[in-house]
Amino acid sequence: MKQLLVIGASGLVGRRVYERAKAAGLEVVGTSTHGSGTLASFDLLRDAPERLRDLLPLDTETAVVVAAGKTEIRWCREHPREAYAINVAEMQRLLAYVVGQGTQAVWFSSDAVFDGRRGNYTETDKPSPLNLYGQQKAEMETWLEDHLPQVLVYRLAKLADDRFEGRHLFSNLYQQYQSGQPIRCIEGLTFNPTAVDDIAACVLLGLKQHLHGRYNVANPQSYTREQIARLFVGDRPCMIESLPLAVWHFSEPKALDTTLDTAKFQKACGGYAFQSMDELLASFWQQIEAHGGGTPI
């Protein structure tokens with residue numbers, strides 16, 4: 001692989017893949033829906049996949065990372081038709097075209113494909129999503145397995161970053177911390193918080209090793225929401241409340257334990273060392289202090 005096309009390079013994961021690939025010396029082209037700065041415009045709903053040929057030659061020397069899509073659970077629930085068009089129908093058309101050109105392709109799934117009744121899910125566990133977003137991801141996983149098994153599928157957990165901009169676990173906690181109100185946690189909610197930069201590194205590693213099929217890619221260490229909140233605030237003055245799921249009144253059911261078994265990926269990639277949350281949080285607070293505080297964007 002000499003060239004990389006990152007579709008959705010303005011998003012949390014896509015941006016970091018784009019940056020890492022450029023730092024590695026690859027020829028990289030990134031897109032966003034409307035285009036901005038160095039990013040070309042590509043609208044998943046309105047642009048034909050064939051437009052991608054104008055950005056980079058699609059052949060065996062090129063890989064395509066598809067980091068586009070709608071990931072907000074509430075938005076998907078409130079806009080089911082548009083969410084399905086973006087996350088499933090047009091995604092299938094895009095990936096079928098890309099693979100048909102002979103390129104490697106990466107697509108991202110989510111731990112939301114599971115109902116959270118037991119946790120420690122493997123790649124062979126049957127999906128049982130509780131919300132519409134998870135259903136769309138599960139449908140894509142099945143379709144890719146049946147029609148495009150050569151696509152590399154990374155199933156991700158909740159993401160965190162040491163940058164305070166963007167939408168991720170730590171920026172969300174920081175907003176709550178800044179509000180002066182207690183940080184409220186769902187009691188028993190358990191997951192594998194993972195550094196965004198690790199996902200970007202694992203994308204390039206998987207492409208280099210020509211991996212294909214489905215892999216759980218997440219920090220093997222799991223936390224409850226309360227544990228990560230307490231780790232986040234450290235010795236800073238902040239009240240943390242842990243409340244049972246029944247009092248939250250979500251419009252869709254909530255999965256409690258979506259932890260992922262990452263043994264398959266660890267074996268394939270020689271035991272990749274994921275960044276610890278302690279290290280990531282130390283860097284996060286250093287950057288907050290360097291910027292004099294502020295509100296995440």
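## Notes on a predicted fold

1. Let's start with one side chain. R163 has a relative accessible area of 22%, which makes R163 partly exposed. Please keep in mind as you read that this is a predicted model.

2. What does R163 pair with? R163 forms a salt bridge with E19, and the closest N and O atoms of the two are 2.9 Å apart. E19 sits in helix α1, while R163 belongs to the loop between β7 (159-160) and α5 (169-179), so this pair ties together parts that lie 144 residues apart in sequence. E19 is also partly exposed, at 31% relative accessibility. The background idea is simple: side chains of opposite charge can pair when their charged atoms come close.

3. A network of salt bridges links R16, E19, R20, D161, R163 and D197. The count of salt bridges in the model comes to 18.

4. Here are two further salt bridges to look up in the structure. R46 pairs with D43, with the closest N and O atoms 3.1 Å apart. Are these two buried or exposed? R46 is exposed, at 66% relative accessibility, whereas D43 is buried, with a relative accessible area of 12%. E78 forms a salt bridge with R77, and here the closest N and O atoms are 3.7 Å apart. Both of these are partly exposed: E78 has a relative accessible area of 43%, and R77 has one of 29%.

5. Now for the sheet. Seven strands form an open sheet in the order β3-β2-β1-β4-β5-β6-β11, with parallel pairing. Which strands stand at the edges? They are β3 (40-41) and β11 (213-216); each has a single partner strand, so one side of each is left without a neighbour in the sheet. In general, strands of a sheet pair through backbone hydrogen bonds, either parallel or antiparallel.

6. You can trace several of these pairings residue by residue. Five bridges join β1 to β4, which run parallel, and L5 has V64 as its bridge partner in β4. Next, β4 and β5 pair in the parallel sense over four bridges; V66 has W107 as its bridge partner in β5. Then β5 and β6, also parallel, are joined by five bridges, with Y154 in β6 as the bridge partner of F108.

7. Not counting residues up to four places away in sequence, V203 touches V17, V65, V106, F108 and Y154.

8. At 1.5 Å a residue, its 21 residues (80-100) should span 30 Å, and its end C-alpha atoms are 29 Å apart, which agrees. The helix does bend, by about 40 degrees at M91. Just after α3, G102 takes a positive phi of about 90 degrees.

9. P80 is part of α3. With a relative accessible area of 40%, P80 is partly exposed. Leaving aside neighbours within four places in sequence, P80 is in contact with L132 and Q136.

10. Where is E141? It is found in helix α4 (residues 132-147). E141 counts as buried, at 2% relative accessibility. Beyond its neighbours within four places in sequence, E141 is in contact with W107, S109, V113, P127, R155 and R214.

Notes:
Residues are numbered from 1 along each chain as its sequence is written. This is a predicted model: local features need pLDDT of at least 70, side-chain atom pairs count only at pLDDT 80 or more; totals for chains, interfaces and linings use all residues. Side-chain values use heavy atoms; hydrogens and water are left out. Contact means heavy atoms within 4.5 Å. A salt bridge is a side-chain nitrogen of Lys or Arg within 4 Å of a carboxyl oxygen of Asp or Glu. Helices (H or I, at least four residues) and strands (E, at least two) are DSSP runs, numbered from the N terminus. Buried means under 20% relative accessible area, exposed over 50%, partly exposed in between (1.4 Å probe, protein chains only). The expected span of a helix is 1.5 Å times one less than its number of residues. The bend at a residue is the angle between axes fitted to the seven residues ending there and the seven starting there. Two strands pair if DSSP finds at least two bridges between them.
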